[in-house]
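Trainee: I would like to learn how to read the features of a model such as this one. Please show me the structure before we start.

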Amino acid sequence: MTQATQKANSPLELKGRMMTLTVLRLLDPSVEVLARELDRRMQDAPDFFRHLPVILDVEAVDDSDLHQDLPGLVGLLRAREFLPVAIRGGGEQWNAAAREAGVGVFSGGSEVPAVRGQTGRPRAVQEQASVSPSTVVEQPVRSGQQVYARGGDLIVLAPVSPGAELLADGNIHVYGSLQGRALAGVRGDTGARIFCQKFGAELVSVAGTYSVSEQFEESVRGAAVQVSLRDGDVLDIRPL
Amino acid sequence: MARIVVITSGKGGVGKTTTSAALATGLAKAGHRTAVVDFDVGLRNLDLVMGCERRVVYDFVNVINQEATLNQALIKDKRVPGLCILAASQTRDKDALTDDGVARVLKELSEDNDFIVCDSPAGIERGALMAMYHADEAIVVTNPEVSSVRDSDRVLGILSSKSRRAEEGREPIRERLLLTRYAAERVAQGDMLSVEDVQEILGIELLGVVPESKAVLNASNAGIPVILEEDTDAGQAYQDAVARFLGEERPYRFLDVQKKGLFGRLFGS
């Protein structure tokens, strides 16, 4: 997966890396319709979208005049705290629009980035540099509350109540009782794990593979456990 | 400046209004000027429990809409000096509680009072949010059963994120638990959650435990705050809770089955 060009003691390192990125498919050529739909979606989970790097898939609207409004659309996304990185699936006229809008272009459906915009690249690099490794929560996470650790681990130093939800791109650690839901590796990290001191979760999930309370063995209830993914599709819950 | 105390729970029927009436009466009896405000617009009850339903002329919504002054709407309690009631409107709904209007009424009330007790409606909608928004302290009324405990947990989450104190980044609301309708026999039989169980889930300071008691219903029907029924178990439990609210240390009673004696062991930490 990782391809590194590296010299000893170099202050810079260039890496080609495969990453999971969110693709926003544009299915309507009207900026107003898109904006309205975006606002509606964001109401459901405002924190989930904050600073989220996205690729705009314009394949469905390739023939429309939307490319003329691309800079406006990109501005609109940034105002809503999305980070549009690049577009994909558009014709020649889209590439010029992408340059103007300051985003890159992914050629075809391949993962090889062909970044053409001058401002697109630094933006993407900046995003990587500002990723904080972990999120620490010291207050109890109560029923109805949701905490998402983007790009790293989530560490909770208080109880997590039934009906609360923890999400992390990396591992989840709970130094208290875990009664709610815990979803680690939500963007596909199959190596992510969940650790807790007192296990009573309603649901646990690693990289999309989940298990609900009914399926847990009695021996792990109330115990200190770790949850990890075995063979890619089996959740392993065992005492620490 | 008055301390604003919200009585809240999420779930309905757990004893918010009974508690609001008892706390406000207890604070006034201890010599603190107290106003108790019914936020349950459309389902007005507090005036009944306080026994002043026949004296309501103007209500909270009239004052918000500036159709009456606060002094016209406040009802002075006949039994306890320094206590007044602001009734809710029965003919309106919660949308009548505007942000500015509520803020203005509470500000005006806080000039002449030491405590303002806000009786929150059930639920987590507008009325409840308005009642808790300005609070300095919260008393979360919970029954020892799972759905009440879960709703209380939800409300605690909202208190810590959607209150004015949270928005302004000030010291958080002081949250305390009042466990009501506690039946020691049923806890002993394992039918009901114990104080320890509830505290483990909610993890907040315990203000008091009020036993399940006929006295509460009798007092409500008679329009007397149960705290004034000094020879009843519930009345005494509320007196203890008010004393603790004011910083006094009191042992917890009514935790054990009656036969073992009225005075329970000193509870927990």
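Trainee: Does Cys118(B) count as buried or exposed, and at what relative accessibility?

Mentor: Buried means under 20% relative accessible area, exposed means over 50%, and partly exposed is in between (1.4 Å probe, protein chains only). Cys118(B) counts as buried because its relative accessibility is 0%. This is a predicted model, in which local features need pLDDT of at least 70 and side-chain atom pairs count only at pLDDT 80 or more, while totals for chains, interfaces and linings use all residues; side-chain values use heavy atoms, with hydrogens and water left out. Residues are numbered from 1 along each chain as its sequence is written, and chains are lettered from A and ligands numbered from 1 in the order in which they are written.

Trainee: Which residues does Cys118(B) touch, not counting those up to four places away in sequence?

Mentor: Contact means heavy atoms within 4.5 Å. Cys118(B) touches Ile4(B), Val5(B), Val6(B), Ile7(B), Val37(B), Phe39(B), Leu106(B) and Ala131(B) when residues up to four places away in sequence are not counted. Cys118(B) belongs to strand β5 (residues 115-119) of chain B.

Trainee: How many helices and strands does chain B have?

Mentor: Helices (H or I, at least four residues) and strands (E, at least two) are DSSP runs, numbered from the N terminus. Chain B has 12 helices and 8 strands. Of its 269 residues, 56% are buried.

Trainee: In what order do the strands of the open sheet in chain B lie?

Mentor: Two strands pair if DSSP finds at least two bridges between them. In chain B, 8 strands form an open sheet with mixed pairing, in the order β3-β4-β2-β5-β1-β6-β7-β8. Its edge strands, each pairing on one side only, are β3 (75-76) and β8 (205-211) of chain B. Strand β1 (residues 3-8) of chain B runs parallel to β5(B), and 5 bridges join them. One of the bridge pairs is Arg3(B) with Phe115(B) in β5(B).

Trainee: Which strands does helix α7 of chain B touch?

Mentor: For the angles, axes are lines fitted to C-alpha atoms, for helices over the stretch in contact, and angles run from 0 to 180 degrees between N-to-C directions. Helix α7 (residues 146-162) of chain B packs on the sheet and touches β1, β6 (137-142) and β7 (174-182) of chain B, with its direction at about 165° to that of β6(B). Helix α10 (residues 195-202) of chain B lies across β6, β7 and β8 of chain B and runs at about 150° to β7(B).

Trainee: How many residues of helix α1 of chain B are buried?

Mentor: An α-helix has 3.6 residues a turn, so residues three or four places apart point the same way. In α1(B), 13 of the 14 residues are buried, and the helix is mostly covered. Just after α1(B), Gly31(B) takes a positive phi of about 95°.

Trainee: What is the order of the strands in the open sheet of chain A?

Mentor: In chain A, 5 strands form an open sheet in the order β9-β11-β13-β15-β16, and the pairing is mixed. The edge strands are β9 (146-149) and β16 (209-212) of chain A. From one strand to the next, the twist averages 10°.

Trainee: How do β15 and β16 of chain A run, and how many bridges join them?

Mentor: Strand β15 (residues 203-206) of chain A is antiparallel to β16(A), with 4 bridges joining them. Val204(A) stands opposite Ser211(A), and Ser205(A) has Tyr210(A) as its bridge partner. The two strands form a hairpin with 2 residues between them, and Ala207(A) in the turn has a positive phi of about 50°. Ser205(A) counts as buried because its relative accessibility is 4%.
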